[in-house]
Amino acid sequence: MMPLSMVKQGVPNRIHRIGGKEDTRRFIENLGFVAGAEVTVVSVTDGNMIVNVKDSRVAIGRDMANKIMVV
């Protein structure tokens with residue numbers, strides 16, 4: 001298990017859990033990052049990431065990506 005910020009581009013991963021405070025977790029889950037969902041990093045620029053999750057592309061920062069644990 002590792003944070004989303006450490007995965008390689010183009011490699012699909014499964015979300016294992018979401019960390020952080022309750023309101024942060026709720027915000028991340030509303031973006032589509034839920035346990036069991038497949039997520040793929042499309043690109044990384046200056047710590048910001050564009051990822052595919054649930055047939056959508058979402059841009060997130062490194063701090064948010066560190067709260068999303070994948071396997």
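Helices (H or I, at least four residues) and strands (E, at least two) are taken here as DSSP runs, numbered from the N terminus. The structure is a predicted model, in which local features need pLDDT of at least 70 and side-chain atom pairs count only at pLDDT 80 or more, while totals for chains, interfaces and linings use all residues. Residues are numbered from 1 along each chain as its sequence is written, and side-chain values use heavy atoms, with hydrogens and water left out.

**Exercise 1. Determine which elements make up the chain, and how its radius of gyration compares with the globule rule.**

Step 1: the chain holds two helices and six strands, and read from the N terminus the order is β-β-α-β-β-β-α-β.

Step 2: the radius of gyration (over C-alpha atoms) is 11 Å, close to the 11 Å from the globule rule (2.2 Å times the number of residues to the power 0.38) for 71 residues, so the chain is as compact as a globular protein of that length.

Step 3: the C-alpha trace spans about 30 × 25 × 25 Å along its principal axes.

**Exercise 2. Locate Asn13, state whether Asn13 is buried or exposed, and list what Asn13 touches.**

Step 1: Asn13 belongs to strand 2, which covers residues 13-18.

Step 2: the relative accessibility of Asn13 is 9%, and therefore Asn13 counts as buried, where buried means under 20% relative accessible area, exposed over 50% and partly exposed in between (1.4 Å probe, protein chains only).

Step 3: leaving aside residues up to four places away in sequence, Asn13 is in contact (heavy atoms within 4.5 Å) with Val7, Ala37, Glu38, Val39, Val70 and Val71.

Step 4: a polar atom of the Asn13 side chain lies 2.9 Å from the backbone oxygen of Val11.

**Exercise 3. Work out which strands pair with strand 2, and name a bridge partner in each case.**

Step 1: strands count as paired if DSSP finds at least two bridges between them.

Step 2: strand 2 runs antiparallel to strand 3 (residues 38-45), with two bridges joining them, and Val39 in strand 3 is the bridge partner of Asn13.

Step 3: strand 2 also runs antiparallel to strand 6 (residues 68-70), here with three bridges, and Ile68 in strand 6 is the bridge partner of Ile18.

**Exercise 4. Describe how strand 4 and strand 5 are joined.**

Step 1: strand 4 (residues 48-53) and strand 5 (residues 56-60) pair in the antiparallel sense over five bridges, with Asn52 opposite Arg57 in strand 5.

Step 2: the two strands form a hairpin with two residues between them, and Lys54 in the turn has a positive phi of about 50 degrees.

Definitions and conventions:
Polar contact = N/O pair within 3.5 Å; in protein donor to acceptor, adjacent residues only side chain to side chain.
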